[in-house]
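I'm opening my notebook on a structure that is new to me. These entries follow the order in which I looked things up.

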Amino acid sequence: MSYVDEVLERVIRQNPAQPEFHQAVKEVLESLRPAIERNEEAYRREALLERLTTPDRMIQFRVSWVDDQGQVQVNNGYRVQYNNAIGPYKGGLRLHPSVNQSVIKFLGFEQIFKNSLTGLPIGGAKGGADFDPKGKSDREIMAFCQSFMTELYKYVGADIDVPAGDIGVGGREIGYLYGQYKRIRGTYEGVLTGKGLSFGGSLARTEATGYGLLYLTEEMLKCNGHALAGKTLVVSGAGNVAIYAIEKAWQLGAKPVTCSDSTGWVYDPEGIDVALLKQVKEVRRERLTAYAQARPGAQYHPGKGVWSVPCDVALPCATQNELFLEDAQQLVANGCIAVAEGANMPTTLDATEYLQTHGVLFCPGKASNAGGVATSALEMSQNSQRLRWSFEEVDSRLQQIMVNIFHNVDSAAREYGAEGNYVVGANIAGFLKVAAAMTAQGIV
Ligand code: NDP
């Protein structure tokens, strides 16, 4: 049995009932085969893949807090510190009822390669809780965040582990988490990124993941003989990533015509009105029905369906496993030429394969959504320097990072005989740097 197959079996055996985690490890290890095979004996001897797939530590803790009715609520909090071979642990915090060990480990594992791809010195981690922020008052959110940080603070620090936002964690939550960390530790340090601008946040961090996705998509299209300008885009999600992807798409001359949330989706033939979308989602925190009500030409549909809209480029920006085989078939039938993932693992494995075998350019999230964590690392640099860079400076660094990521991914794919397969390219490019650092640091 090959080394990759042995490790896959072992991961499934050692981590029962964790389907998202199995899916992520399988996707990564399968695509690493050409790189592993070139060095199989050495990697096997030092158990490199066993060490890479086993987190440095997985922390689980109780989060107790009191709701507005005086009732005590209890959630599970998590932090996986996956690998710090190339820098301090870094990765977001997700607050969503679907969060469990499997989801956190899948995200943390993917984060290792994504962070490596940015070219910046950051290791892989992820965290969160099965807490549902929907419908909670500000006071309840604060109570939850303070309780969460009262446990998490023991494990994080500016040079140890620097969490950020993810689903359900935006500026408000990061503010409450930061306040509690500072109160307990008594130090003013860059322990979180995505902070408010008045307390150490970076300009352009809010926009970074969505903007970065578009910078990379533009480069991928350009290198394959297409222009982004003039293209019709379908986007899923209506959160941080989707909103700023839509904003940058307009700025680059493309036309985004859809967005979605967990209850429905909008098709706006005139193109999504990003100011209205921000108002509905960021300010009023309403459902997308409010968008459709305010925009007479837009159509609201309950449930799923954005992938049925004809487009040139599709950008899944909501959550994992939201673009299935039948969606991929529909995209191909409608003439879609490129899919770039804004969310983490939104496309199922069979859908990815279908897109790739039908000539659709496909960029995996660990490359195409790396702009968020890259800009978080730029926030860490600014905090360490005690300086603030201008929006233009951060944005232009972001753009350069995304263009570099695409070219690294593209050339790794070519070097390992998989030209145009950006899944293989991203995983191999991310892996090689981490593997070299792990080998150099000995058996730890
Ligand atoms: P947000 O919470 O801001 O937005 C998520 C969006 O997706 C919302 O519109 C939400 O709908 C929708 N959504 C969430 N879960 C589901 C579900 N199970 N089914 C259908 N729709 C759902 O999160 P972000 O925009 O920050 O993150 C989106 C994705 O991008 C995630 O996969 C995240 O891991 C990834 N990502 C985010 C980065 C960042 O910097 N924010 C960086 C890199 C990756 P509703 O409004 O109804 O909740």
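Predicted model: local features only at pLDDT ≥ 70, side-chain atom pairs only at ≥ 80, totals over all residues.

Entry 1: I began with strand β8 (residues 258-260) and strand β9 (residues 264-267), which run antiparallel and are joined by three bridges. I count two strands as paired if DSSP finds at least two bridges between them. Helices (H or I, at least four residues) and strands (E, at least two) are DSSP runs, numbered from the N terminus. T258 stands opposite Y267 in β9, and a hairpin of three residues joins β8 to β9.

Residues are numbered from 1 along each chain as its sequence is written, and side-chain values use heavy atoms, with hydrogens and water left out.

Entry 2: Next I checked β9 against strand β10 (residues 299-302), and they pair in the antiparallel sense over four bridges. G264 has P302 in β10 as its bridge partner.

**Entry 3: another set of strands.** How many bridges join β1 to β2? I found ten between strand β1 (residues 57-66) and strand β2 (residues 72-83), which run antiparallel. I59 stands opposite R79 in β2, and Q60 stands opposite Y78 in β2. The hairpin of β1 and β2 has five residues between the strands, and G70 there takes a positive phi near 85°. β2 also pairs with strand β4 (residues 123-129), in the antiparallel sense over six bridges. Y78 turns up again here, with G128 in β4 as its bridge partner. I jotted down one general point: side chains in a regular strand alternate between the two faces of the sheet.

**Entry 4: the ligand.** Which residues are closest to the ligand? I got D166, T209, S262, R287 and N344, out of 26 residues that surround the ligand. To be near, a residue needs one of its heavy atoms within 4 Å of the molecule. By class, that shell has six nonpolar, twelve polar and eight charged residues. My classes: Ala, Val, Leu, Ile, Met, Phe, Trp, Tyr, Cys and Pro are nonpolar, Asp, Glu, Lys and Arg are charged, and the others, Gly among them, are polar.

Then I looked up polar contacts, meaning pairs of N or O atoms within 3.5 Å. An oxygen atom of the ligand is 2.5 Å from a side-chain N or O atom of S262. For the side chain of N344 I noted 2.8 Å from a ligand oxygen to an N or O atom, and for that of K281 3.3 Å. Taken alone the ligand exposes 890 Å², and the protein buries 82% of that; these areas come from the Shrake-Rupley method with a 1.4 Å probe. The elements that give two or more residues to the shell are α8 (205-223) and α9 (240-251).

**Entry 5: empty space.** Rolling a probe the size of a water molecule over the atoms shows where empty space is left. On a 1 Å grid over the protein atoms alone, a cavity is a set of points where a 1.4 Å probe fits but cannot get out, while a pocket is an open set with protein on both sides within 12 Å along at least five of seven lines; lining residues have an atom within 4 Å of a point. A volume is the space filled by probe spheres set on the points, which are joined across faces, edges and corners.

I found one cavity of 30 Å³ or more, and the largest cavity holds about 130 Å³. Among its 15 lining residues, E27, E341, M345, T347 and T352 are the closest to its centre. α2 (19-38), α13 (349-357) and α14 (365-368) each supply at least two residues of that lining.

The second largest pocket holds about 440 Å³. Helix α15 (residues 371-385) gives the most to its lining, with eight residues.

Key. Polar contact = N/O pair within 3.5 Å; in protein donor to acceptor, adjacent residues only side chain to side chain.
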